[in-house]
Each structure stands twice: as structure tokens, then as C-alpha cells.
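Reader: I am new to reading protein models. Could you take me through this one, a question at a time?

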Amino acid sequence: MTTTTAIKHEVKDLSLAPMGKQRIEWAGREMPVLRQIRDRFAAEKPLDGIKISACCHVTTETANLAIALKAAGADALLIASNPLSTQDDVAACLVADYGIPVFAIKGEDNATYHRHVEIALDHHPNIIIDDGSDVTTTLVQHRAHQIAEIIGTTEETTTGLVRLNAMHKDGKLTFPAIAVNDAETKHFFDNRYGTGQSTLDGIIRATNILLAGKVLVVAGYGWCGKGVALRARGMGANVVVTEINPVKAIEAVMDGFRVMPMNEAAAIGDIFITVTGNKHVIRSEHFAAMKDGAIICNSGHFDLEIDLVALSEQSASNSFVRNFTQEYKLKSGKSIIVLGEGRLVNLAAAEGHPASVMDMSFANQALACEFLVKNKGKLAAGVVVIPVDIDQEIARLKLQAMGIAIDTLTADQIEYMNSWTVGT
């Protein structure tokens, strides 16, 4: 563990801090909502003395959230939520310039990642900010004696909420968990516009391929899948969607996309992107059916969406041919290309979501922490929907920052909307 400063930390190289500071400040320009919240937090100190362990992608945007939490008086510690999503210069800057303990190194192995999860719990947090629910799950499974210290948690992802709902169903979630991912100002924008743009950014940076004219297969048509499909079509790709949900499949058809099972799509696709939150969406029989040179990547939370174990078993060898671009040479003679080791391609090979989108997502995180503290002991155990007034306030602040005004209801309209006696 690095000990060159008074703050305990584990980052790649503290000398990267100046570059990280420039990039954090650049991202901050595109995050006016979080900046306003930070300024208020600095004056009011709503999180004074609260210990927060945050498990997030360590990016410039996350850095601005961590700085806002510290301004609020929180004793915050940050670890990475994915071994390949850390920006090392950002991690260094948070330690060197802002005095925030960070335990994150891009490319850390699984053992290091799990050790960092334990460090996050060694902090004895009152609030956990989670991205995938690894810290919360570890707390419940192995640190039950610390649950009494927990005011609540917040969850950033669909995958994490699936785990939390399953935990609650099993009677194991005995504290409130704020579903930040379900806030309208989060999933409508972060998942759709953020994932849509940043996923294609990661693919292009890793491969430098032209998307126009390619058959691009999107597995999953949730908010992330919609964003990826729309952006890919906008760049000229011939988009195919695979789904298990009949309603979402109809939606994809009516949005103008071809829909078919993965078994059929495997034979025609040039590029495959998984965004389902499930495991082994692309597996052995699909690899066997794919074209020579097919490119596969994942933009769902965990790397289990692609069955890389099965791919390895079908391969004679594999090697990196570009940064974050791995060629598997199958025993059959053809090649399959995997980007970002099957992890989040938008963070492994690119910089993640644009700051202007994360502005709303992390405004939700900051205000969710404040909401938990204000309502300590009053919230029911289980997954809690973020209050509508918080969602609306974030949207209002974002519009204000963009210089956009909207209408307000007249007194007559308000009366009409609240009555039932007036009709045709």
C-alpha cells in the first residue's frame, strides 16, 4: 500500500495527479447541477461526520461526485467498481489534491478488487454508494455485524438493483437501498444517451473500424440497448436486436430494427454488443456460428454476458492485437475478436459516459445520500424509489443551466387537473 502521503491509498502513480486535476476540472465544466449541489453542501454540511464508502467507476465525473461529498462534510472513501474502469490520473489527483482515500488501479486483478471491497467495509461506512452491489452483498454475506452501522445504500445500476431485489425477497436486505438507477433523470439519460454514445466510442477507439454498413447486433433492448441501437443506426450500421421480453421486442420492431434470436443473429453479425445484465448471452453455439473476424463486446455491468470460458475452450490461442482488442483463434480456423476482455467496453477502452449526462446521475447520488441522512430511521427496509421531488429538482436545475425555460400551469389548469366534475 502506498504511504507517500498521510492518506492511505492504493493508486498507480501519484505523479499523474496534475493531469488528473486538469481532466477533473474539464469534466466539472459540464456538470453544473452537481456544482450547484456542491456549493450548497459546502455551506450547509448535510453529511457532516457521515462515513461513505463509494464503489464506482473511478472517472473524472465520479471525482466531481467525491469532491461534492467531501464538501458536504462526509468522510468518503472510493474504490473501483470494475477492474478496467479506473482512470489512474484521476485516482492520483483525488488522493494528492483533495485528500480522498482511493483504492483503484486500472487493470487490477480480481484478488485486488475483492481486497478493495474489504477495505471499503473496513471504513465502517454509514452509507454505501454501490455500482453493481458488490460492497452491499459482501456486507450482508460476510460483515453482518456492521449492518447496524448502515443508514442506507444507493445503487447506480440495473444489475445492482436486480441483486438488491433478490436480496430483499430472501429477507436479507434489512436497510433502505435507494434505487438511483430508477430515477427518471438517471436511466432516461445516462442509460440511453450515455451508454449509447460511450459504447460506440469504446468500440471505435479499440478497433478504429467504420460502423457504417456493418451488421451490428444489440443483445437487450432496455434503456441501454435502445441508446446503443439508436446511435449505431445514426452512424450507418444495420442494427439487429435480440430480446427475451416480447414487449421490448415489439418496441424494437416498431422503432425500425430487425429482431431475431441470437442463434440467427450470430451468423450474420459483424459486431455484437451485450447490454442485458444476464449471463452467457453469447455462448458456445453462437461462437461456432459467427463469421471469421466477428467483433464481440459487452456494455452490461459484469463480464459474464459473454461466455469467455467457452470461447477459450474453443480456441487454439488468443493474443492482444491492439489495446483492449483480443483475437481468439478458434480451432476451426476462424477468429473472434473480443474487446475490453468482455468488461464494460465504454470504460475499458474509452472514458465512459460524457460528463453532461453523469451530471444528473451523480446529482441523484449526492441528493440520495442527503435524503438518507435526513430520514435516518424513518425509511422501510428494501429498495426505495428516489423521491419525485428530487428527480424534478435535478431536471429543473439542468434546464436552468442549459438556459431553457418551460411552461407552468395556471391556477385554472391546476384546478382542472385536480377535479373530476368537469368533462366534455
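Predicted model: local features only at pLDDT ≥ 70, side-chain atom pairs only at ≥ 80, totals over all residues.

Reader: Is Glu370 buried or exposed?

Author: Residues are numbered from 1 along each chain as its sequence is written, and side-chain values use heavy atoms, leaving out hydrogens and water. Buried means under 20% relative accessible area, exposed over 50% and partly exposed in between, with a 1.4 Å probe and protein chains only. Glu370 has a relative accessible area of 6%, so Glu370 is buried.

Reader: Which residues does Glu370 contact, leaving aside its neighbours within four places in sequence?

Author: Contact means heavy atoms within 4.5 Å. With those neighbours left aside, the partners of Glu370 are Arg40, Phe41, Glu44, Pro46 and Leu47.

Reader: Where does Glu370 lie, and how many residues of that helix are buried?

Author: Glu370 has its place in helix α15; helices are DSSP runs (H or I, at least four residues), numbered from the N terminus. Helix α15 is largely enclosed by the rest of the structure, because the buried count among its 20 residues is 17.

Reader: How far apart are the end C-alpha atoms of α15?

Author: The expected span of a helix is 1.5 Å times one less than its number of residues. For the 20 residues of α15 (355-374) that gives 28 Å, and this agrees with the distance between the end C-alpha atoms, 28 Å.

Reader: At what angle do α2 and α16 pack?

Author: Axes are lines fitted to C-alpha atoms, for helices over the stretch in contact, and angles run from 0 to 180 degrees between N-to-C directions. The axes of α2 (residues 32-44) and α16 (residues 388-401) are 8 Å apart, and the packing angle is about 115 degrees.

Reader: Which residues of α2 and α16 make the contact?

Author: From α16 come Ile394, Leu397, Lys398, Gln400 and Ala401, and from α2 come Pro32, Val33 and Gln36.

Reader: Is His187 buried or exposed?

Author: His187 lies in helix α8 (residues 184-207). Not counting residues up to four places away in sequence, His187 touches Asn181, Asp182, Arg192 and Trp223. Its relative accessibility is 12%, so His187 counts as buried.

Reader: How far apart in space are His187 and Met360?

Author: In sequence, these two are 173 residues apart. In space, the C-alpha to C-alpha distance between His187 and Met360 is 9.8 Å.

Key. Helix = DSSP H or I, 4+ residues; strand = E, 2+ residues; numbered from the N terminus.
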